[in-house]
Amino acid sequence: MNAVVKVTNLTKSYGDTAAVSGVSFELEENKIYGLLGRNGAGKTTIMHMLTAQQFASGGNIEVFGEEPYENESVLRRVCFIKESQKYPQMFTVKDVLDVSALLHPNWDAAYAAGLAEAFGLPTKRKVHKLSRGMLSAVGVVVGLASRAPLTIFDEPYLGLDAVARALFYDRLLEDYAEHPRTVILSTHLIDEVSRLLEHVLLIDQGRLLLDQDVERLSGMAYTVVGSAARIDSFVSGKKVLSRDAMGAIASATVMGEASPQERREAAERGLEFSPVSLQQLIVHLTGRQKEEREAVSS
Ligand SMILES: Nc1ncnc2c1ncn2[C@@H]1O[C@H](COP(=O)(O)OP(=O)(O)OP(=O)(O)O)[C@@H](O)[C@H]1O
């Protein structure tokens, strides 16, 4: 495996606050990662350390095999787009794109212009006069057109409406197919991005709770629906993540995998199975009690 990022025992403290505690992971070349977790989990802090915008309190970070701090040859291969991106007051959208072209060796100006048009960006307008959504779109255009070997999006699309977000996801997938690179998406819109993600890093209270391929995650839990009485009997003794009922019909989400025999017998009793969504799984895992979370991560 070619590791684009290798993080070992990474720690960051702000006074008494341990924002990141002993996190280790590797990111492969040409893969789309989801960096997920609740508010304050430590995601932005990790991204800031990966991109040399903050020093770690402890541990080791390698990006493209080298330390990223003040390392021009590494940082030229990285594009970090964040929601709160600030641009110089006098810059127009075109100025932002022109400067980005200088910063990113793989920049595709024609592609950037096409994206700006697709997102309806007025390229002659000053960035400080853009709406919040337009400002988000500028970040998205820069992130995509940079074609940086490591491209990181930290919730850059908070201001985008649903149509523009769908456009971003579609363009990202299209361009990634033609120009593979390593992408990190940090987002709370898990259901929306789940079709894009190949691998998930789940951060919880500064610790890495999950480091798993999405394909394998979908096998970690399942939902079963049917008559309430039969559901209760089926889930008895199992680890139930949630149970909902509507009249005589109930659904339960259960941790683990149902064996083929269990599925057959349940189907004979009219129960139906469906895979659990990534969002449901993440919500459950990060909403649980401390002891249970520790059991998952160990
Ligand atoms: N400059 C700072 N000074 C003190 N504490 C900080 C600082 N930056 C972050 N923190 C704290 O570190 C923890 C992790 O914050 P971080 O911004 O990395 O979380 P996050 O996962 O990106 O959250 P969100 O999804 O809300 O953006 C939080 O408890 C936060 O309050």
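Which element gives the most residues to the shell around the ligand?

Modeller: Two remarks come before the answer. This is a predicted model, in which local features need pLDDT of at least 70 and side-chain atom pairs count only at pLDDT 80 or more, while totals for chains, interfaces and linings use all residues. Residues are numbered from 1 along each chain as its sequence is written.

The element that gives the most to the shell is α1, with 3 residues. Helices (H or I, at least four residues) and strands (E, at least two) are DSSP runs, numbered from the N terminus. Both α1 (43-50) and β2 (17-28) supply at least two residues of the shell. A residue is near a molecule or strand if its C-beta atom, placed from the backbone, lies within 6 Å of it. The ligand is surrounded by Tyr 14, Thr 17, Ala 19, Gly 37, Asn 39, Gly 40, Ala 41, Gly 42, Lys 43, Thr 44 and Thr 45. By kind, 3 residues of the shell are nonpolar, 7 are polar and 1 is charged. Here Ala, Val, Leu, Ile, Met, Phe, Trp, Tyr, Cys and Pro count as nonpolar, Asp, Glu, Lys and Arg as charged, and the others, Gly among them, as polar.

Next comes the sheet to which β2 belongs. Strands of a sheet pair through backbone hydrogen bonds, either parallel or antiparallel. Two strands count as paired if DSSP finds at least two bridges between them. The sheet is open and has 3 strands in the order β2-β1-β4, with antiparallel pairing. Its edge strands are β2 and β4 (58-63), each of which pairs on one side only. From one strand to the next, the twist averages 15°. For such angles, axes are lines fitted to C-alpha atoms, for helices over the stretch in contact, and the angles run from 0 to 180 degrees between N-to-C directions.

The pairings can be followed residue by residue. Strands β1 and β2 run antiparallel and are joined by 8 bridges; Leu 10 has Val 23 in β2 as its bridge partner. In the hairpin of these strands, 2 residues lie between β1 and β2, and Gly 15 has a positive phi near 60°. Strand β1 (residues 3-14) also pairs with β4, in the antiparallel sense, over 5 bridges. Thr 11 has Gly 58 in β4 as its bridge partner, and Lys 6 has Glu 62 in β4.

For the setting, the protein has 12 helices and 13 strands. Its C-alpha atoms fill a box of roughly 65 × 45 × 35 Å, taken along the principal axes. Of its 298 residues, 36% count as buried. A residue is buried if 20 or more other C-beta atoms lie within 10 Å of its own, exposed if 12 or fewer, and partly exposed in between, with C-beta atoms placed from the backbone. Among contacts between residues at least 6 apart in sequence, 68% join residues at least 24 apart. Two residues are in contact if their C-beta atoms, placed from the backbone, lie within 7 Å.
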